[in-house]
Amino acid sequence: MKETVDLSIIGAGPTGLFAAFYAGLRHMRVRIFDTLPEPGGQLTVLYPEKYVYDVPGFPRIRARDLVKALKEQADAYQPEYHLDEQVLRLEPSEEGYRLHTAKDVYPTRAVLIAVGIGSFTPNTLDRPGIKEYEGRGVLYFVRSMDELRDHRVLVVGGGDSAVDWALGLVGMAREVTLIHRRQGFRAHEGSVKALFESPVRVKLHYELKEVRGNGDRVTQAVIFQNQTGEEETLDVDTVILALGFKANLGPVAEWGLELEGRHIKVNARMETNLPGVYAAGDAVAQEGLGNLKLMVVGFGQAAIAVNAAATYLNPQARLFPGHSSNQG
Ligand SMILES: Cc1cc2nc3c(=O)[nH]c(=O)nc-3n(C[C@H](O)[C@H](O)[C@H](O)COP(=O)(O)OP(=O)(O)OC[C@H]3O[C@@H](n4cnc5c(N)ncnc54)[C@H](O)[C@@H]3O)c2cc1C
């Protein structure tokens, strides 16, 4: 079992990342978990290349760059990250709570739940070879473009992630092919235009039939034209299935939290019905407000939750943290 921290944050979306910064400001020792291998929540998974216009101080900022800035801000206080690690269970304990993941058990004095719309499960295809080669050439999420340097890559999908990953791999991968089962894309118009002007080989009305390998890694993909049935076998090192994600509240629903539909009920101080457990962001239904799924709301709620948690951890502490401009 690991050491006890002051605050464990479940979810490294914008709300969780800002909460990690804020808890650092309040001198808490913080651990932050996310099921995904990258921080950023919906911004990273659903719209990394899109601009957002309603974050204070930024007339416009690309989602990916906002995540980078939030992470940099949080990292000033060196929270302990546990990415690729889903929190499965919340158990009351002598320290406060113990969080269980598939890897370890983590004691904590207080908890902030910032799980947004839940854990993202990638959509997959039921085709031969896919399950067998998951993580050995079949990917749902590109952790780092650099890992695919010199690979021959097949991207499957017609949404923003498919197009963005195909474009991002140009110049890095040896060869990029994108197949999409329809004519029209569900991606940003500008990105689609860039795709057709790029060296990516785009094949419309094509679907994946089979992934083949040498027992160790992917070596080939069989694709077919869905109007004529004509098949083609491509030599590939990596197949990226960019077919979207399903969100699901997942294990959080089993933790004894009072829920309102799919949301966690909180009061004005972002307290849940469990002592020392707070919640913020898209995950919550706040008393008198309900649910308002906007980042700016999540940021405010994160600050309220962390300040409230500070008074829970130390009853002598004040709710008002002082001004951050007096810190450094
Ligand atoms: C296409 C699109 C465009 C948008 N544009 C805007 C915009 O312009 N402006 C705006 O303000 N908002 C916008 N939003 C909404 C905004 O993205 C959300 O309000 C914001 O992401 C909520 O942040 P969050 O941190 O609360 O949750 P999320 O971003 O959902 O992050 C939650 C994180 O928790 C993790 N998680 C869940 N369960 C567990 C578990 N058990 N263990 C560990 N980790 C877990 C998830 O993997 C996820 O990374 C947009 C949303 C979409 C889909």
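Glu207 touches Ile179, Arg181, Ile223, Phe224 and Asn226, with residues up to four places away in sequence left out of the count; contact requires C-beta atoms, placed from the backbone, within 7 Å. Glu207 belongs to strand β14, where helices (H or I, at least four residues) and strands (E, at least two) are DSSP runs numbered from the N terminus. The model is predicted: local features need pLDDT of at least 70, side-chain atom pairs count only at pLDDT 80 or more, and totals for chains, interfaces and linings use all residues. Residues are numbered from 1 along each chain as its sequence is written.

- The C-alpha atoms of Glu207 and Gln225 are separated by 6.6 Å, although the two residues are 18 residues apart along the chain.
- Strands β14 (residues 206-213) and β15 (residues 218-225) run antiparallel and are joined by seven bridges; two strands pair if DSSP finds at least two bridges between them.
- Tyr206 stands opposite Gln225 in β15.
- Four residues lie between the strands of this hairpin, and Gly215 takes a positive phi near 95 degrees.

- Most residues other than glycine have a negative phi.
- Asp84 has a positive phi of about 60 degrees and lies in the loop between β5 (80-82) and β6 (89-92).
- Asp84 is partly exposed, with 16 other C-beta atoms within 10 Å.
- Asp150 has a positive phi near 65 degrees and lies in the loop between β10 (138-139) and β11 (152-156).
- Asp150 is exposed, with 10 other C-beta atoms within 10 Å.

**Ligand shell**
- The ligand is surrounded by 38 residues, of which the closest are Gly11, Gly13, Gly41, Gly116 and Gly281; a residue is near a molecule if its C-beta atom, placed from the backbone, lies within 6 Å of it.
- Elements giving two or more residues to this shell are α1 (14-25), α2 (42-46), β9 (119-122) and α6 (295-313).
- The shell comprises 20 nonpolar, 14 polar and four charged residues, with Ala, Val, Leu, Ile, Met, Phe, Trp, Tyr, Cys and Pro counted as nonpolar, Asp, Glu, Lys and Arg as charged, and the others, Gly among them, as polar.

**Helix α6**
- The 19 residues of α6 reach 26 Å from the first C-alpha to the last, close to the 27 Å expected at 1.5 Å a residue; the expected span is 1.5 Å times one less than the number of residues.
- Buried residues of α6 include Met295, Phe299, Ile304 and Val306.
- The cover over the buried residues of α6 includes β1 (5-10), α1, β8 (105-113), β21 (277-279) and β22.

**Three-stranded sheet**
- An open sheet of three strands has the order β19-β20-β22 and mixed pairing.
- Strands β19 (259-260) and β22 (284-286) stand at the edges with a single partner strand each, so one side of each is left without a neighbour in the sheet.
- Strand β20 (residues 263-266) pairs with β22 in the parallel sense over three bridges, and Ile264 stands opposite Val284 in β22.

**Domains**
- The protein is divided into domain 1 (5-120 + 246-326) and domain 2 (124-243), with bounds from an automatic or database domain assignment.
- The centres of the two domains, taken over C-alpha atoms, are separated by 34 Å.
- Six residues of domain 1 are in contact with six residues of domain 2; the domain 1 side has three nonpolar, no polar and three charged residues.

Terms used
A residue is buried if 20 or more other C-beta atoms lie within 10 Å of its own, exposed if 12 or fewer, and partly exposed in between; C-beta atoms are placed from the backbone. Two residues are in contact if their C-beta atoms, placed from the backbone, lie within 7 Å.
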